[in-house]
2 protein chains.
Amino acid sequence: MGNIDKLQCMECFRPFSEKRELYTCQFCGSNISLDVWYNYQELKKTFTREWLSKNNNFTHWRYFPILPIKSLKSVSMLSVGWTPLYDAGSLAKKMGIRKIFIKDDGLNPTGSLKDRASSIAVARALEDGVKKITCASTGNAASSLAGLSASVGLEAFIFVPESAPAAKVTQLKIFGANVFLVKGSYEDAFNLSMMCVDEFKWYNRNSGINPYLIEGKKTVALEIAEQMNFKLPDWVFVAVGDGCTIAGVWKGFVDFLKLGFIKKIPKIVGVQAKGASPIYQAWHKKRQLTPMKPETMADSIAVGTPRSWKKAIRAVDETNGFFITVTDKEILGAMKLLGSTCGIFGEPAGVTGLAGLIKAVKNRMIPRSSSSLIIVTGNGLKDISSAQKVSGNIFKIPVDFSALKKEIKHLNI
Amino acid sequence: MGNIDKLQCMECFRPFSEKRELYTCQFCGSNISLDVWYNYQELKKTFTREWLSKNNNFTHWRYFPILPIKSLKSVSMLSVGWTPLYDAGSLAKKMGIRKIFIKDDGLNPTGSLKDRASSIAVARALEDGVKKITCASTGNAASSLAGLSASVGLEAFIFVPESAPAAKVTQLKIFGANVFLVKGSYEDAFNLSMMCVDEFKWYNRNSGINPYLIEGKKTVALEIAEQMNFKLPDWVFVAVGDGCTIAGVWKGFVDFLKLGFIKKIPKIVGVQAKGASPIYQAWHKKRQLTPMKPETMADSIAVGTPRSWKKAIRAVDETNGFFITVTDKEILGAMKLLGSTCGIFGEPAGVTGLAGLIKAVKNRMIPRSSSSLIIVTGNGLKDISSAQKVSGNIFKIPVDFSALKKEIKHLNI
């Protein structure tokens, strides 16, 4: 494929040539997806900052030279990526820190960062001549794959745990996907999906195993770098469930480092929900993973047996970051803070990065004088049931102005 | 203000100089908001297509020379406008028409076209030195104003009929607005909000009366023109509730016509839900409005006593368009069709334009050889309760691969 140099195992470092359905290491037997590396030296000649500055494609396809697809002919029309990046002064002030930047990936076509990965998956499926595609998902990857598949005419088969929020399942229906609600966990849904890949040769859009999906997710980091004019913040806070997104963030920065676009990678902080924190635990305890039964309202990161945990830990360790956990209450607090200071509504997992930043500042794990960026990974409209728990100034009133006036005076507003 | 020439009554044509809180005609007593006209001849010298092509502001503020604000200093950081415009080949093919374009305004920061108007309102409030702002809304304008207000530090007072969907009210809480759930209709909420404007001098973000809000809404038309390289479709289909959005679409095209950017305005079609179609009725019957009790699932256009009905009729009449009504069932059908062919999920009112196009094609009101554009005015995630009524392929399965295999074979997929 175009500019790909090799696939490589992150554990035994064995290189492989690219070929269809080669996802994990055939040599050491690692179950971690292979890394995808490009011909950076060759690319440097033409893929430059200047070339980028003249690029009028304002979607994540602007990074085509370092994406694992053959051409732009088979990509979806949907406008994936190039989501807004904000310098949130009022939030920084409220938190008493110098700088906070927000990358709002809830404004992707189906409302989450997952569109970056799904758009790569459907493009590769089409390039491979495959007509059917599958994934397991706690929700966002599912609705994302369903939407992207609909947009290019692929048939999608989606496995979701039956606990998935109604809004996400409704999206699947609207997008015309075949949906299997599994009476079990995310892991059960994942296993069934994988068995179908083997049995029916459906294209496999499971981020934990298909190496090309992280290549999609990495574009969020490429955009952060470019939108900040390659002057990166000190810290980047990322919510962590399976570990693929944080791995993608790291990979994007590494690609730009190898290309000479940036000189240094920000310190990456992985934020897990306390009730679903196996990677946090593994990072603290001898790097061994102990699966757990996930219990958090942040459904998008409610993963008890993460596939990409080693990649998540690499992202943190290689950048001198750290892992941190936050409670559901802290997540809700972050949601309200983000909404009321910035007008941005993130889903629980979408604001978990901010919850981590708040805690890290409070616990003096990062200095107030540093600059941080949070990635809002999903739109709050995807899961209003959690948000409904946030308190608000809601007043039921009759159609009576004098009663209303009294109420307003009483409120002292 | 900058390039504004005059405000003008659309009924008696009396011109007025701009001044704060002059919203409707002081001369003939019309209750229709004044039109805002700019110094087009002067503007033409500098505000050109070439100037636009070099403009790197990819939000709706790129049209600053024809927006009613003093400077860009007080605008929200939120990325309003410049939403994607798609050439939806698969949908056109499925419908058997030549061309259909989709402008997806559900990807605005709070998920609807209303952000265009709210962003103008909060900027003007700040320029006027007002700290509090109010509106009445069936939902989208409310969540939009709440989000935009939060982003600039204004205090918002929102009046919603108690029938507003949960997702929209939840957004209000997250954005920290003061919310009054009125035990009555949209009109009751509107009247209470207006009384508060008089009593407390809050800034008035009611589209039906504040002339500057239509100036915000018009940017959707400006973007359509520019994104299509000024080669416009034959028809533009717009859902109509109060009438402000369709009035904004017309106004945007008129501005570009006056500036010489386009030669002709597309024919504008107003689509109303059958259960809330007073403007359709008025257009058919001697141009007299008879209020009705609105009954439709498309809450964003469930308006029985529209304020801007005359502007809506002007938009249609001046462009040789027409009005059409669609049933809730047709709206749901359009929702599923849009989702399953394009991967775009619109709320009921958001897909009402498409429902109108489908019906117009079926009834031979427009030729299959023509090109049409629909504006998706709001994100489907805002109201999943309606979408849940759409049928889908949902299968509950146990964690058992052999049972699953049988099911899949049985499905013949």
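The model is predicted: local features need pLDDT of at least 70, side-chain atom pairs count only at pLDDT 80 or more, and totals for chains, interfaces and linings use all residues. Residues are numbered from 1 along each chain as its sequence is written, while chains are lettered from A and ligands numbered from 1 in the order in which they are written.

**Nonpolar core**

- The largest nonpolar core has 272 residues, and A:I158 and B:I158 touch the most other members.
- Such a core is a set of buried Ala, Val, Leu, Ile, Met, Phe, Trp, Tyr and Cys residues joined through C-beta atoms within 7 Å.
- Buried means that 20 or more other C-beta atoms lie within 10 Å of a residue's own, with C-beta atoms placed from the backbone.
- Leaving out residues up to four places away in sequence, the contacts of B:I158 (C-beta atoms, placed from the backbone, within 7 Å) include B:C135, B:L145, B:L172 and B:F180.

**Sheet in chain A**

- Six strands of chain A form an open sheet in the order 4-5-13-10-11-12, with mixed pairing.
- Strand 4 (85-87) and strand 12 (322-326) of chain A are the edge strands, each pairing on one side only.
- Strands are DSSP runs of E with at least two residues, helices are runs of H or I with at least four, and both are numbered from the N terminus.
- Two strands pair if DSSP finds at least two bridges between them.
- Strand 10 (residues 235-239) and strand 13 (residues 371-376) of chain A run parallel and are joined by three bridges; A:V236 has A:L373 as its bridge partner in strand 13 of chain A.

**Strands in chain B**

- Six of the seven residues of strand 11 (residues 267-273) of chain B are buried.
- Five bridges pair strand 11 of chain B with strand 10 (residues 235-239) of chain B in the parallel sense, and B:W235 stands opposite B:K267.
- Strand 11 of chain B also pairs with strand 12 (residues 322-326) of chain B, again parallel and over five bridges; here B:V269 has B:F322 as its bridge partner.

**Helix 14 of chain B**

- Helix 14 (residues 348-362) of chain B has 15 residues and should span 21 Å at 1.5 Å a residue, which agrees with the 20 Å between its end C-alpha atoms.
- The expected span is 1.5 Å times one less than the number of residues.
- Twelve of the 15 residues of this helix are buried, among them B:P348, B:V351, B:L354 and B:I358.
- After helix 14 of chain B comes B:R364, with a positive phi near 55 degrees.

Definitions and conventions:
Two residues are in contact if their C-beta atoms, placed from the backbone, lie within 7 Å.
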